[in-house]
Amino acid sequence: MIEHTPRAKRGAGRRRFLRRSLAAGALAAAPTFLVRRYAQAQEKTLKVVHWKHFVPDYDKYFDVFAKEFGEKHKCKVEVDYVATPDLPTAIAADISRRGGHDVFMLNGTGSWLYDQILVDVTDVANRLGKEFGGWIPEAKDVAVVRGKWLCIPHWYMSFPWIINRQYFTQVGEDFTDKTTWEDVRRIGAKLKAIGHPLGIPISQTPDSNDNLVPVMLSYKAYMFDKNGGIAFAKKEIVEVLRFGAALYKDTMTDEVLSWDDTSNNRFIASGKGSMICNPISAYRTAAKDQPDVYKNLEIVKPPIGVQGIRVGGARTMSYGIYNFSQVQDLAKEFLYAMNQEGLRGMEASTGYNHPYLNAFFKKPMPVIGHEPKLELLQDYQQYVKFIGWPGPMTKIATTMYAKFIVPTMFAEVCTGRKTPRQAMDDAEKKLRAV
Amino acid sequence: MTGSAWGVRWRRLRFLLASYVGLAPFLAFALFPFYWMLITSLKADANLYDLRSNPFWFSRVDGATGQPYHKDIIVPASLTAGPIRWEIRTGAATTRSDSAVNPPAIAWIGDQKVLSPVDGTLAEIRVPTGQVAHPNEVIGVIHVPNPTLTHYRYLATTPFARWMQVSLVTGAAVVLITLVLAVPAAYGLARLEFPGNRGIGIAIFLTYLIPPTILFIPFSQFVGALRVDNTIWSLILSYPTFTVPFCTWLLMGFFRAVPKELEERALLDGATRLQTLRMVVIPVVMSGILTAAIFAFTLSFQEYVYALTFISSTVNRTLPVGITVDMVRGDVYFWGPLMASAVVGSVPVVILYALSLDWFISGMTTGAVK
């Protein structure tokens, strides 16, 4: 029957249908296009993107600080918190739309990674350095690019070693300031035998970098030169990889090959583990949830490597200003004010935050100077080293961290898939390809 | 009872037994994540970290010590030493300090407030009223109940309700926009013949294949240019970019399954194309439209990357982003509150599925049998 319908009429029907469908679609979508955010209030607004701190009270403190800053400078400060792994995504979105925030947090990266979009803050750095006794030397490795400070290092998170003293006593051993990595291997074998192994993540998780890179540095197994160029100390790297494989075999179980950042916290808090390397979050978690285990936990200095070298790992936290920010002067004042009251932040963070400015090392430091088991962290700056050392925290060093080149290298040797030489050569190839 | 009656009963019983035995592994597999979510949300933190206890059920005592789960009350290092004055007696209930706006003190050291670290019962006072308490000293012990609703109480201290509201409003708006755009688009591509019909269909499908992790950067420019960033309009506008292609393709299948004769008869009787669509075709494919609506809702309800990058203020966040930001802090995962959020957050989706289950199944099986 349909064949009797005139073609012209059918065609008109289709066109009408398409027109109406299009109109309906456009009508439905129109309100979304018509929306315009109201103009910002007359007062200036400073927008900050920030991670969620381990300690909820630190975020509360930071909100109070931001409010006080706003009142003092007659502006509004908006702080947007994002989860730690999501911070790079939020920054990428800001850079893409050239807006969104004015100040951003650089979590574990140097200013080299964002040098194209960062404002020169050398004046702020000099002002702070002058007023607070100067910066620790490592601060420059984080912030200075081609002679200019492009971010202001605010605090770093230490990675001390946490031991369960009860298990060490049980096997008739001690852990002292003189304990070396070789001692750890020997004692760890005894601890593993009584069912309390060591726990160093050898997996694709940030903590793995923060555990293994200091081991390499304490063996002088450098991957970079002083200028940040790739320069593998091959003999030392092969040696440390051999040591790593032996340490893994003698003192750990294969669960460390699949760990994420939370695993070592659970490992020590549950009473299973005898020794881990982690920020004091693991210690605090045990205090909160496993008081009987917590009683036996102690914070100790990192073991000593070759030639008496002791290296403590750390993750750096800095702040920079986008060069597309409309309130750059205000943002600079904000960075200054944040560092000016560094100790208040350290107190709110319950001791996580370690300062970069010498004036803040006066003992007793807040929180860690008053908790007997944490007192030794007051000297952590004496042996702390950051990613890329002995060079600065360059883009390549940051990429090495982000691509888990060091944990992969260790994992390949520990699992017997590659010889130390092969694993090292592959790591170098990957790094040079960046 | 005769032998044949027993035989009939046995055969029925055997059929039922076989059905349940066959279904049991599937049910165990499908429901285990929900069971795990629920049980974790009700466990005390001490039980969660107790590796010696049975992980599939609640434990009342510590696997290592055999003692009831407890928490020491330690004087914070930031306080100064002074005489203590207890505000509660042994056996009284305690409320965790972070689950109230202005939590009550359980004790005072001088004029310094001591708060309870956990929900529980004060079991022991180590430093009695009048004696001097020092920083880092254990002044008492709280018994921790297990199971507990403490993690659900914690949710009340977060903007959880607001995140849920944002997710629901966004989901509803996205469903509406998706259907308004996808129904005519699918119908046009399935039924109308015009040059490029097939190519347009494939192009629509291809847009769905591009992952949001690639698109979020150009989209953020788009959102910034429209000045809708940090509002839920940024999501309402961007989510249809993946729900419309997906639902268009889904609906094309449903429209193709409708016999052409039905439409031809309506056209012959003088109905226009729109009338045919509205009065004849849509009632027939209603189950498909509801299926598309459910998919559009769940896709937008669970989306993460756009919600993370387009919205930065805490109050405008969607549920998945809000939970992740607030309850995962570096390497410290708030497992209990995370699971409590997952339980509560899944309720709207469960209700939606329950209400439209018959339609949904009918939609999913359309065309399965000719």
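Modeller: Here are the spaces first, then chain B.

This is a predicted model, where local features need pLDDT of at least 70, side-chain atom pairs count only at pLDDT 80 or more, and totals for chains, interfaces and linings use all residues. Residues are numbered from 1 along each chain as its sequence is written, chains are lettered from A and ligands numbered from 1 in the order in which they are written, and side-chain values use heavy atoms, without hydrogens and water.

Start with the second largest pocket. It holds about 780 Å³ of space. Its lining has 36 residues, and the closest to its centre are Thr84(A), Pro85(A), Pro88(A), Asn107(A) and Pro206(A). Several elements of chain A each give at least two lining residues: helix H3 (87-97), strand E3 (103-107), strand E6 (152-159), helix H8 (206-218) and helix H15 (395-402). (A pocket is an open set of points on a 1 Å grid over the protein atoms alone, with protein on both sides within 12 Å along at least five of seven lines; lining residues have an atom within 4 Å of a point. Helices are DSSP runs, H or I, of at least four residues, and strands are E runs of at least two.)

Next come the cavities, where a 1.4 Å probe fits but cannot get out. The whole structure has 9 of them at 30 Å³ or more. The largest cavity contains about 100 Å³. It is lined by 13 residues, with His154(A), Trp155(A), Gly342(A), His354(A) and Pro355(A) closest to its centre. In chain A, E6, helix H14 (342-348) and strand E12 (353-354) each supply at least two of the lining residues. H14(A) has the largest share, with 3 residues.

Now chain B. Its domain assignment, which is automatic or from a database, gives domain 1 (70-143) and domain 2 (155-365). Their centres, taken over C-alpha atoms, are 50 Å apart. Ala105(B) sits in the loop between strand E3 (93-94) and strand E4 (107-109) of chain B. Ala105(B) counts as buried because its relative accessibility is 14%; the buried limit is under 20%, exposed is over 50%, and partly exposed lies in between, with a 1.4 Å probe and protein chains only. Its C-alpha atom is 62 Å from that of Val285(B), 180 residues away along the chain. Phe26(B) lies in helix H1 (residues 3-42) of chain B. Phe26(B) is exposed, because its relative accessibility is 52%.

Methods: Points joined across faces, edges and corners; volume = space filled by probe spheres on them.
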